[in-house]
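Biologist: I'm new to this one and would like a close look at a single part of it. Here is what I have open.

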Amino acid sequence: MFSTANRSNHAAPGGAVSTFKSTLFPGLFDLESLEDGRQLSVLDLGPAVSTSINFFGHYKCHLHILDLFSEPIITQQPLLTDDELDTQLSNIFSFPESTRFDVCLFWDLFNYLDKPAITTFNRLLAPYLHPETKAHCFGLLKTNTPLAFQQYGILQPDSLSVTSRSDPAPVLYPHPQAALKGLLSSFNTTRTMLLGDGRLEMLLQSRAAKGSA
Amino acid sequence: MFDKKRQDETPKNDYAPVREPSTPSAPASGRQALIGSTINIKGDISGDENLVIDGKVEGSIEMGTKEVTIGRSGRVSANVQANVIRIEGEVQGDISGNEKVIISKTGNVQGNIIAPRVTLEDGAKFKGSIDMDPAVSTPVTPIKPMNLTGSQKNESTDSGSKGN
């Protein structure tokens with residue numbers, strides 16, 4: 001299932017932008033249907049990035065941009081009780097009841113959430129998924145893999161911009177692949193790519209039952 | 001960006017002195033109003049001329065087919081509707097642009113944006129949702145006269161409240 005990507009995935013230093021070519025990312029989008037005018041509903045948990053806005057601007061779409069990486073659930077996670085974390089995530093995930101995301105962009109999120117936080121995240125997101133929802137994230141093959149704190153933008157369906165974040169890196173909670181799969185019970189992992197820096201690029205498919213859309 | 005704007009000697013009202021348009025994006029036939037950096041307005045703003053906000057506004061802003069610019073020192077807690085909306089300062093509220101919304105590198109927006117086109121410059125901060133549809137043509141919005149209602153205040157000494 002794995003293949004090793006021979007490419008540099010680290011963000012360029014000093015906020016400079018590097019490019020990451022992805023073979024999995026195009027699997028998120030059905031571009032033909034987008035060009036037919038169907039609206040795409042996207043949940044982006046990273047910061048608002050100009051390249052992503054430009055990319056989605058070519059299509060009829062509804063973007064939810066939350067930048068969880070700057071929220072207390074990440075920046076102050078070690079100080080939060082489970083109840084506080086639940087409350088904060090519930091407030092963030094207060095979408096209209098009819099919201100169903102077609103695409104979820106998690107980026108490096110799960111490397112910065114501990115197990116209870118991922119479980120809560122998974123539970124709160126589940127009502128907003130439909131059976132065709134697809135998602136993308138970066139995990140780790142081994143828990144001792146170093147991880148740069150960076151943000152991503154979408155240049156093309158197979159090309160991401162990668163930039164170092166200027167804010168302090170949060171506490172890292174690395175999860176082995178099997179553990180992460182178990183925590184994300186709302187998704188099946190459809191494809192995984194081992195990257196040259198030890199990260200795993202993962203393409204996920206919702207496990208929401210038919211009729212929940 | 002606005003250094004070259006000329007000040008009109010006869011402001012239309014106490015709250016929004018009118019200036020001749022000078023920015024390339026301003027329609028040639030339009031007028032332009034400025035809410036200065038020391039001005040603090042609470043209430044609803046609507047009108048038929050371009051509007052630059054360098055001060056503080058709480059309420060709502062409806063400028064129909066005109067352009068609204070929230071300058072670097074502008075602090076807006078309001079829903080904003082206009083043809084083109086440029087944000088260089090801070091906005092908390094929902095934004096509806098008939099044509100486009102531009103968040104510049106100094107802009108900071110929390111709210112929901114609806115516009116056919118949205119441009120985000122590098123460095124801009126945004127949290128919320130964006131509803132885009134490049135196929136939508138620009139609708140014609142009814143023009144309303146400039147009208148300041150409610151509990152607007154013109155506080156010339158309110159510069160200390162900026163940045164809230």
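My question is about Asp30(A): is it buried, exposed or partly exposed, and how many other C-beta atoms lie within 10 Å of it?

Modeller: Before anything else, keep in mind that this is a predicted model. Asp30(A) has 16 other C-beta atoms within 10 Å, so it is partly exposed. A residue needs 20 or more to be buried and 12 or fewer to be exposed. You'll find Asp30(A) in the loop between β2 (17-21) and α1 (31-35) of chain A. If you follow the chain on to Leu40(A), you move 10 residues in sequence, and the two C-alpha atoms are 9.6 Å apart in space.

Chain A has 6 helices and 10 strands. Its radius of gyration is 16 Å, close to the 17 Å that the globule rule gives for 213 residues, so chain A is as compact as a globular protein of that length. Along the principal axes, its C-alpha trace spans about 40 × 40 × 35 Å. Of the 213 residues in chain A, 39% count as buried. Take the contacts in chain A with a separation of 6 or more: 73% of them come from residues 24 or more positions apart.

How far can you trust the picture? Chain A has a mean pLDDT of 88, with 91% of its residues at 70 or more. Among its elements, strand β5 (residues 101-107) has the highest mean pLDDT, 97, while strand β1 (residues 4-5) has the lowest, 36. Over residues 1-13 of chain A, pLDDT stays under 50, although the model has 33 contacts beyond four places in sequence for them. Where pLDDT is low, the predicted coordinates should not be read in detail.

β5(A) runs parallel to β6(A), and 5 bridges join them. One pair to look for is Cys104(A), whose bridge partner in β6(A) is Ala135(A). Strand β6 (residues 129-140) of chain A is mostly covered, with 9 of its 12 residues buried. Back in strand β5 of chain A sits Trp107(A). Trp107(A) has 20 other C-beta atoms within 10 Å, so it is buried. Its phi is near 55°, a positive value in a residue other than glycine.

Trp107(A) also turns up in the surroundings of Cys137(A), which touches Phe106(A), Trp107(A), Leu109(A), Phe110(A), Met202(A) and Leu204(A), leaving aside residues up to four places away in sequence. Cys137(A) belongs to the largest nonpolar core, which has 87 residues, and is among those with the most contacts inside it, along with Val42(A), Phe106(A), Leu109(A) and Val80(B). Strand β7 (residues 75-87) of chain B supplies the largest share of this core, 7 residues. In soluble globular proteins, nonpolar side chains tend to be buried together.

Let's follow that strand into chain B. β7(B) pairs with β5(B) in the parallel sense over 7 bridges, and in β7(B) the bridge partner of Glu58(B) is Ser77(B). Strand β5 (residues 56-62) of chain B also pairs with strand β3 (residues 40-46) of that chain, in the parallel sense and over 7 bridges. There, Asp44(B) stands opposite Ser60(B) in β5(B).

What about the place where the chains meet? 17 residues of chain B are in contact with 15 residues of chain A. On the chain B side, β11 (117-120) and β12 (125-132) each supply at least two residues, and β12(B) gives the most, with 8. That side divides into 8 nonpolar, 2 polar and 7 charged residues.

β12(B) has pairing strands in both chains. Strand β4 (residues 61-65) of chain A pairs with β12(B) in the antiparallel sense over 5 bridges. Leu63(A) stands opposite Ile130(B), and Ile65(A) has Gly128(B) as its bridge partner. Within chain B, strand β10 (residues 108-115) pairs with β12(B) in the parallel sense over 8 bridges, with Asn112(B) opposite Ser129(B).

One last stop takes us back to a loop of chain A. Asp67(A) lies between β4 and α3 (72-75) of chain A, and its phi is near 45°, a positive value in a residue other than glycine. Like Asp30(A), which is partly exposed, Asp67(A) counts as partly exposed, with 17 C-beta neighbours inside 10 Å.

How values were computed
Residues are numbered from 1 along each chain as its sequence is written. Chains are lettered from A and ligands numbered from 1 in the order in which they are written. This is a predicted model: local features need pLDDT of at least 70, side-chain atom pairs count only at pLDDT 80 or more; totals for chains, interfaces and linings use all residues. A nonpolar core is a set of buried Ala, Val, Leu, Ile, Met, Phe, Trp, Tyr and Cys residues joined through C-beta atoms within 7 Å. Helices (H or I, at least four residues) and strands (E, at least two) are DSSP runs, numbered from the N terminus. Two residues are in contact if their C-beta atoms, placed from the backbone, lie within 7 Å. The radius of gyration is taken over C-alpha atoms; the globule rule is 2.2 Å times the number of residues to the power 0.38. Ala, Val, Leu, Ile, Met, Phe, Trp, Tyr, Cys and Pro count as nonpolar, Asp, Glu, Lys and Arg as charged, and the others, Gly among them, as polar. Two strands pair if DSSP finds at least two bridges between them. pLDDT is the predictor's confidence in each residue, from 0 to 100.
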